[in-house]
Amino acid sequence: MFIESTIGKSRNQERKGHIEVICGSMFSGKTEELIRRLNRAFIAKQKVEIFKPSIDKRYHDTDVVSHNDNAIRSTPVQFADDIILLAGDCDVVGIDEVQFFDNRIVHVANVLANSGKRVILAGLDMDFEGNPFEPMPQLLAVAEYVTKVHAICMKCGDLASYSFRLVNIKEKVVLGEKETYEARCRKCFTEKL
Ligand SMILES: [Zn+2]
């Protein structure tokens, strides 16, 4: 479990920013982990802003919502650069479904962290074909802290890190949940049974 660094902000000290990435497959608990960290920042009376790409409207327009209905209010944005303006003077910036932004999100995350903010990004690290999901590889490279969370394979019960698409659509982005994807381990993903 990720434990927050206490080095970042202490009394009479200049605040230092950093980037955290939470990655994994579908159903791996990425958003739950993002919400857990953001809730702890709320409890610490830090100013928190949460964003997500406006492409992801699966559940609700303005909430980051995870599969266990543990929701937190968020602002949908169309372009990664919008986040720099909207983040204002907050201490912590959370961004969910970060894989749906273009590569500008790498610049945006660095700008926010360089200005002293704690930036927490959650998203898929691989697409439905098992290839790295841009811009996640770049975000993993620039982050100070990386957490990979795992789902459970729906075929064999092992730890799963792949999102297997159950429907025969070739587009990279197909939004959906349990009817569209299932989590699989490497073996069950490659055997495609
Ligand atoms: Zn398996």
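Modeller: Two strands pair if DSSP finds at least two bridges between them, where strands are DSSP runs of E with at least two residues and helices are runs of H or I with at least four, numbered from the N terminus. The model is predicted: local features need pLDDT of at least 70, side-chain atom pairs count only at pLDDT 80 or more, and totals for chains, interfaces and linings use all residues. Residues are numbered from 1 along each chain as its sequence is written.

Colleague: What makes β1 and β7 a pair?

Modeller: Strand β1 (residues 18-24) and strand β7 (residues 118-124) run parallel and are joined by 7 bridges; at least two are required, so they pair. Ile-22 has Ala-122 in β7 as its bridge partner.

Colleague: Which strands form the open sheet, and in what order?

Modeller: The order of its 6 strands is β5-β2-β6-β7-β1-β8, with parallel pairing. Strands β5 (75-77) and β8 (145-148) each pair on one side only, as edge strands.

Colleague: How do you know that helix α1 packs on the sheet, and which strands does helix α1 touch?

Modeller: Contact requires C-beta atoms, placed from the backbone, to lie within 7 Å. Helix α1 (residues 30-43) touches β1, β2 (48-53), β6 (92-95), β7 and β8. The direction of α1 makes about 165° with that of β7; axes are lines fitted to C-alpha atoms, for helices over the stretch in contact, and angles run from 0 to 180 degrees between N-to-C directions. Helix α3 (residues 104-114) also packs on the sheet, touching β1, β6 and β7, at about 155° to β7.

Colleague: How many helices and strands does the chain have?

Modeller: The chain has 5 helices and 12 strands.

Note on methods: Contact = placed C-beta atoms within 7 Å.
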